[in-house]
Structure formats: C-alpha cells, structure tokens
Amino acid sequence: FSFPGGVHKEPVKTEDRGDKIITESKTNLSIQAGNSIYEFSKSDGYLYSIQMDGIQVNSGKLIPNFWRAPTENDFGNNMPVRLGVWRNAAKNAVLKDFSHEMNDKKYYVVDADYWLPDVESHLYINYSISGKGEMNVEMYLEPAGKSYPDLPRFGMSLTLNKGYENLEWFGRGPHENYSDRNTSAFVGHFNSTVSDQYVPYISPQENGYKTDTRWLSLRNSEKSGIMIKGNRTIGFSALHFSMEDLSRPKRDGFHSTDLVKRDEVFLNVDLEQMGVGGDDSWGALTHAEYSIPFQPVWYSFIIKPMQVNLNVWDLYNKEF
C-alpha cells in the first residue's frame, strides 16, 4: 500500500515518570532509567535490548532455559529421551498476558505470563526497574497438575555482543563445577576470560559451569559492562559457544576440534542445573538430591550496569 506524503510511521507514546522515561508503541515497550535502556517486545514479552551508557550490550533476547547440552553421562542414562520434553518447552511458550505499570515502590514493573504447552505449566516472568537503571528479574514455574519428568536446568540465557571477554565472579571456582562435583572448587573471588571457560572434552557437551555464585560481571576492554547479582546463590556459564553448538542428538563422531568459536558471549544464569552424575557412564542416574523435581520453582537476580573502573564490591553491596 502506498501512503501519501511518505512512509507510514507507527504512533509512539512517550511518558516521563520522574526518573524513568517510558516509550510505548503497538509492538515495543522501552524503559529508560539512569544510563540504562531496556526494550521489550510485546509479541513475545521478552527483553530483547539492553543498552548501558549508550552501548548495546546484547544481541539476543533474555529467554527462559530448561535444557542443557547432553553430556556423555546423559547419553549413557538416556537423558535426552527421558527428559526430552524440556528441550523445546521454552521455545514453544505462548504469551498469555503482558502488562506494565509503576508500582508503589517507584519501580517500573513489567509482567509477562506464559503457558508452556509441552509441560502443561504456567511460567511467570517479572521485571522491576529502578531509577538507577538496575533491573530485578524473577521467574516462577507453576505446574498445572499433570506430572512431568525432572528439569535438566532452571534458568535464563542471554547472548552478549562481541567484546565482553573479561569475566569476574564470586562463587565456586576457578575450574568448572557442578552441584554433585564441586567440593574441590572453593568459594572465592576469581578473574578470568570467557575464552578460558571452555573445557575441551573430546566430544562437545555441557561444560564450564560454576555453582554457588553470589555475583558475576562481564566487561569489555573499556572496563564497562554488566553485573549479575543473585538474590540467592545462582549457577552460571559464559562461553563463546551456544548450547546448540554443544548439543548432539546422539553420540556421533563430532569432536570439540570441529567447533567454530563465536565472537558473541553465550551467558546462562540459572537457579541450578541437575548434577552430571557419573557413578557409571552407561545407565546410572543423577542422584535425587542433585536433581530438579517437577514442582513449583522460583528464582531471581539483578542486572546492574557496570561503569568504567567501578569497584565491583561497591556495586555488589549497593541495595537495589
């Protein structure tokens, strides 16, 4: 259709809420607070853009994630089949409601409610944005009644743009560790790089994970970036390989040397993921205490903008 007078532009409503500027159109919602801008898609409810100090931080949406790249032990106990219903549970989520408003605590609150048809469950994601430009993210899974198998993981994933190579965290390390394989990894303050997180197993699989984390930060060469602070201890991984890169449908001849390192940073921020097992590699299951049963589960974390040369401990200790 031809519109006289030039290209048709979608109406945009901008509203000043004191220390926040809200811009809304039919398809998008933008909240500017402090030096941060967060943008949401109304079609799927997801946070798709994070800008801090005028820099675009991410290249992929912040999305729920209940799956992991199968390990050799997983293949041995048939995990990809037993728990396979969770592989695409988040991808097939149906947005049922999307709302936003200023609450009585002066936070701008965005709520996205989903139905997960694969596992017949409700999923609720809440975003609260402060005047300082920090965002608290909460995610809650509520089963609707029918029983389903354990979850491989419960968390969210985010793809960061090229350059966020400098990794710092306070949690277990410095080597990779999992809930049933972490007693040799003591809690401490560690500095490393995203490139050094990859563990080159012969076959591509889940790797590089860290448990019992209080906070982590990713910065670029100019020393700006983001901090993720758990409201309780969290697990995370930050790699130059996506979960799809590391996943195989079955044991095959693919090797880690066949992988192509990507520029982006693939960040997983979880409440937890199931343990890796290993009593044997041909059928033994992960112990029950290191599994994630299908039941109501909740977690939350805070995204904080990291300014140049800002002390991480000062930022960590500041209230949201």
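The questions below take the cavities and then the pockets of this predicted model.

Colleague: How many cavities of 30 Å³ or more does the structure hold?

Modeller: A cavity counts here if a 1.4 Å probe fits but cannot get out. With the volume cut-off set at 30 Å³ or more, the number is two.

Colleague: What is the volume of the largest cavity?

Modeller: Its lining includes Met52, Asp53, Tyr164 and Met306. Ser224, Gly225 and Pro305 are also among the lining residues. The largest cavity has a volume of about 60 Å³.

Colleague: How many residues of the lining of the largest cavity are charged?

Modeller: Six of the lining residues are nonpolar and two are polar. Asp53 is in the lining, and Asp counts as charged. The number of charged residues is one.

Colleague: Which elements give two or more residues to the lining of the second largest cavity?

Modeller: This cavity has a volume of about 30 Å³. Its lining is Leu62, Leu158, Ile228, Leu267, Val269, Phe301 and Ile303. Residues 265–273 form β17, and 297–306 form β18. The elements are β17 and β18.

Colleague: How does the lining of the second largest cavity divide by class?

Modeller: Leu, Ile, Val and Phe count as nonpolar. The lining has no polar and no charged residues. The nonpolar count is seven.

Colleague: Which element gives the largest share of the lining of the largest pocket?

Modeller: β7, β12, β16, α3 and β17 each give two or more residues. By class, the lining has 15 nonpolar, 10 polar and seven charged residues. The largest share is four residues, and it comes from β12.

Colleague: Which residues are the closest to the centre of the second largest pocket?

Modeller: About 230 Å³ of space lies here. The pocket is lined by 16 residues. The closest to its centre are Ser179, Thr211, Asp212, Leu271 and Glu272.

Colleague: Which element gives the largest share of that lining in the second largest pocket?

Modeller: Two or more residues come from each of β15, β16 and β17. The lining has five nonpolar, seven polar and four charged residues. The largest share, four residues, comes from β16.

Terms used: Residues are numbered from 1 along each chain as its sequence is written. This is a predicted model: local features need pLDDT of at least 70, side-chain atom pairs count only at pLDDT 80 or more; totals for chains, interfaces and linings use all residues. Side-chain values use heavy atoms; hydrogens and water are left out. On a 1 Å grid over the protein atoms alone, a cavity is a set of points where a 1.4 Å probe fits but cannot get out, and a pocket is an open set with protein on both sides within 12 Å along at least five of seven lines; lining residues have an atom within 4 Å of a point. Grid points are joined across faces, edges and corners, and a volume is the space filled by probe spheres set on the points.
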